[in-house]
Each structure stands twice: as structure tokens, then as C-alpha cells.
Amino acid sequence: MENQTIQAQELLSKWGLRNASVFRNPSVPLIYELSMSQPQSEDPTVRPDSINSTGALVAYSGKKCGRVPKDKRIIKDEVTGRDVWWGDVNIGLSQDSYNEVEKIALEYLNNREKLFIIDGYAGWDSNYRLRIRVFCSRPYHALFMKNMLIRPTDEELKKDFNGDVDFYIFNAGPQTIQKPIEGIKSDGCVAVNLTERKMVILGTQYAGEMKKGVFGVTHYLFPKQGILTLHSSANEGENGDVTLLFGLSGTGKTTLSADPKRRLIGDDEHAWSDNGIFNIEGGCYAKCVDLSKEKEPEIYNAVRFGAVLENIEYYSEETREVDFTNISITENTRVSYPLEFIPGAKFPAQGGHPKNIFFLTCDAYGVLPPVSMLTPEQAMYHFISGYTAKVAGTEVGVKEPQATFSACFGEAFLALHPTLYANMLAEKIKKYDTKVWLINTGWSGGKYGVGQRMSLKYTRGIIDLIHNGELKDVEFESFPIFNFAIPKAAKNIPTQILNPKNTWKNPEEFDKQVLELAEKFQINFKKYEDKATQEVINAGPKF
């Protein structure tokens, strides 16, 4: 430990940090011990860490229980000024303002009694992986990133992490900004310096900012090497066939990727190179609302020693049994755990070129087919669109279905223009003959409140037919307005549901609803038309 401390101090000197107690890549048990001995936070909204009945570390992020996209800033310089997709997603910050932010963070970290250094990789393919170094003061942040980054072996630590690395994170989240800084609108900031390969966190203790910060960096750096970054889950069949699943919240991405007949490669972040696909992360960060052993046994059983439960309530302080139905702190309750906690997960977490891609959408209007086969141009159009719908109860004020569009199914993390990622996707699906399917896991027989949610049994059945190759050989017909190719019949799937119009009692009302949704697609896509080809624009709905 003494030699480890000396090495850690050498790494700190570059940043002017001189902390007496430095813990570089501490073991999980040691992080637990340090967490239990951590003094009470000065922030009254942050409760002390604890341990639940199954051995997971329970921690609280304070008043911010989710990412704060409006506080994210990208440093705008000569290089990033030319290629970053500037706008509501990527808001610029000057180098001078960044320097002030970094100074505040380093001063805060330098005055902590204990400082943690976590080293790890982003990316399982050793040809492309990034070396990441995290500086933080909270034990739970250290364990979180120990889980989420790919953990180096002792040999790799000596070889790859004894000097400078590819990207640094300075997490001073408990420290707020106390003075006006040009370009910053609140007391917090997540400032990403893509040129200098650094990220600073102030004013938020939500651990997910670190995870998504790394993901955003890969969205900038990987495409420059011809690697497509993907906000998707991935799994692999017995014959080595890989499937990617895209989908926004509530579409079933996590549920459908956890297939007992297939090995999980990863649940959230992937990249696609000339070698195939690879997971960017070493762990999972799953939602916990209503988590149960019956519905999601793999995730439920991963809540054990070494996992981090974030912003969760107990049934009672005495038993320390978690109440997964309680959302009094936040609806965004989470658990972080290493990938190896999932039975049957694949190691190394990479695979060949995808045979199938699923775009999952929860269409609350009840008009999209349960399965549609897309042309490459349609795949680009719907990848750029990233459609799903919110229903009543998901957000305050939502009483009717609301269309939601998130470019590339992960707009918040895109560093470059969405059409760049879509063009890369089109090139790869053509080169590797990948089939792309749009899967509606939403409503059938009417919109939300009238129809019923698509049966999970039928959705799984459709996906199984695609995986075993039976669906591509059936007879298809054209679905009007959207011009999708949809199957006329499919084994063990009721023929009636394959064309959604057949499930509606009022065909005229169905036609009206299709037109309304198509118009929403067209309006949304206008902001991308200046950089999209005419072929892709033509692949959208027409009426």
C-alpha cells in the first residue's frame, strides 16, 4: 500500500494535488470501509452511505438525482468549433471559463481528507480502447466507476496507467460554483474539454454524469477512427450471430436484450469497428423502479456486495431490505454492478458484425406495425428520428400520448451531427448485409387508453423468428404512408396484429391517426434535412 501511495502522489503532482490520503484503485472491501467511515456531508440532502440486506452499497446523490443536460458544456476552440454539433445538446464554453471551472474543482479535491483515483478502460477492443483516470472524493463515486469502466489487470495497470492517460475526469460534484462564470447559468457544471481530454464536474453528485461523460467522449473520438458509437444493448446467439437493440426509455431494450437463449454483450453502450462490435463499458447501470426477482431475475440478483444502489429507500432501517416500489426520492433509482454479475454474460464483451438490428419504439398511438423490415435508407431515416412516445403518468402534465424524438436513440450524447452517425450506420449495414427491423412494443387495437399494450410474448416470438431466419422468407406487403415492408403471416403470431389497421374497430380513425403521426415525423426531420441526402428524406412517411 505504501508503494501504491507513492505512485499515486506522483500522478497527482501534475495537477497540483497534494492530498495526504490517496487511494489508487482500492479494493471493493476497502471502499466499503472508507465509505462507512466517511464524515457526514455538508450537504443536508445527502444521507450517509449504508449497506443493504444483500450487501450492496447504498448511496445518495443529493438534490440532483439525474443528469442535468442544461448544465453540460463543451469547450469551444479552433478544433471543436469546426466539427461539434452545436446547439441545445452541445452548448459552448470558452477556454477561459473552463480554466476557472477546473481551478475550482482542483482546489476542492486538494482540500479533501481522502482522494480516490480509479483507472480503467473504455472499450473492450484493445485496438481502440481509451485509458480513463477518475479523481473523486466520494467512495461511492469510486466504486461506481470501478464497476462501469473495464477493470485493468495488474499487468495492464503497470503498462498502461503509470503516466498520462487518454482522458481525465475530475469529479468535485459536492462543490458548487459560488461566483459568476461567463457561459454558466447555474451553480453546477459538467464541462468537457475534448481537445485537452478532460472533464470537470461541479454542483452535482449524480454518478451517471461520469458514465455518460465517457460515452460522449467516445461519440467524438471513435467516429474519427471510423468507429460507429451506438446507444444500444447487444447480445449474441449460439452461432455467434450478434443483435443490436436500440430504444429509448420504456421501449423494452433491457428486457428484450436479456434473452436466456443468447449471451449478453452489454446493456447500453457499444461501438462498431471493422473488427465487429464491442461494449464500451465494464458494467451495467440499470433502473430499479419496480425491480423484482420474478420480472428481471438477473438484475435483481446483481444487487449484492460490490454493487452500488443509488437514491433508494428501505422498507425499514432495521432490516435494510430495499423497497424497489418506493420512488419518494426519485423515479430514477439505479443500481451499478460489474458485467460479470450477469450470468452468461460474454467475455471479452465483443462480437462479430451484427446480423440484425432492432429499433424499438413504444408507439402509444397504436398505429405502427409490431414488426417492419426497413431498407437502408429507411434505417437511416428512423435512426436519425429515434421515435417513441410518452404516455400519461410518465411525466407531470402528460395526459395524452406525446411523440418523442431523440436522434440516433441517444441525442443527449451526440458530439457530432446525427447524419454523420446515420451515414456510418448505412455504410456498415450495406457492407455487412445487416438487416434492420422496426419493432413496436407499444399499443395495438387503438391508442393508449383504448387499445392494449403489445404482448411481450408476441414481441419475443417475432424476435425469435428473425433470429432463426424464418421471418425474412415470408411474404411481405407494403404498409401505407410509412411504406414499411410488413409480413402477411408469421409462425405462432396472430395474423390480425401484423397489420395494425386490422386491430382497430374504426378504420377511418386509424387512418387519421397514421396521418397525424406521419406529420410529426416530417416536422421533426426538418431540422436534419440540410445535411441529409434526398434518398434518406424520401424514405420518410409520405402523404
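Against which strands and which helix do the buried residues of H2 pack? The legends below describe close-up views of a predicted model.

Figure 1. Helix H2 spans residues 28–36, and its buried residues are Val28, Leu30, Ile31, Tyr32, Leu34 and Ser35. These buried residues pack against four strands, namely E1 (21–24), E2 (50–51), E3 (57–59) and E6 (114–122). The helix that they pack against is H5 (139–148).

**Figure 2. The largest nonpolar core and the surroundings of methionine 145.** The largest nonpolar core comprises 163 residues. Within this core, the residues with the most contacts are Phe135, Met145, Ile169, Leu309, Tyr337 and Phe359. Helix H4 (residues 95–110) gives the most to the core, contributing seven residues. When residues up to four places away in sequence are not counted, methionine 145 touches Ile118, Val134, Ile169, Met210, Lys211 and Val214. A second, separate core has 17 residues, among them Val371, Trp437, Ala490 and Leu498. In soluble globular proteins, nonpolar side chains tend to be buried together.

Figure 3. Because its relative accessibility is 4%, under the 20% limit, histidine 382 counts as buried. Leaving aside residues up to four places away in sequence, histidine 382 touches Phe359, Leu374, Phe409, Phe482, Phe484 and Phe521. Histidine 382 and alanine 407 are separated by 25 residues in sequence, and their C-alpha atoms are 8.7 Å apart in space.

**Figure 4. Lining of the second largest pocket.** The second largest pocket holds about 720 Å³ of space. Its lining consists of 29 residues, and those nearest the pocket centre are Gln40, Ser41, Glu42, Tyr108 and Pro174. Divided by class, the lining of this pocket has six nonpolar, 13 polar and 10 charged residues.

Figure 5. A search of the whole structure finds zero disulfides. With a relative accessible area of 1%, cysteine 284 is buried.

How values were computed
Residues are numbered from 1 along each chain as its sequence is written. This is a predicted model: local features need pLDDT of at least 70, side-chain atom pairs count only at pLDDT 80 or more; totals for chains, interfaces and linings use all residues. Side-chain values use heavy atoms; hydrogens and water are left out. A disulfide is a pair of cysteine sulfur atoms within 2.5 Å. Buried means under 20% relative accessible area, exposed over 50%, partly exposed in between (1.4 Å probe, protein chains only). On a 1 Å grid over the protein atoms alone, a cavity is a set of points where a 1.4 Å probe fits but cannot get out, and a pocket is an open set with protein on both sides within 12 Å along at least five of seven lines; lining residues have an atom within 4 Å of a point. Grid points are joined across faces, edges and corners, and a volume is the space filled by probe spheres set on the points. Ala, Val, Leu, Ile, Met, Phe, Trp, Tyr, Cys and Pro count as nonpolar, Asp, Glu, Lys and Arg as charged, and the others, Gly among them, as polar. A nonpolar core is a set of buried Ala, Val, Leu, Ile, Met, Phe, Trp, Tyr and Cys residues joined through side-chain atoms within 4.5 Å. Helices (H or I, at least four residues) and strands (E, at least two) are DSSP runs, numbered from the N terminus. Contact means heavy atoms within 4.5 Å.
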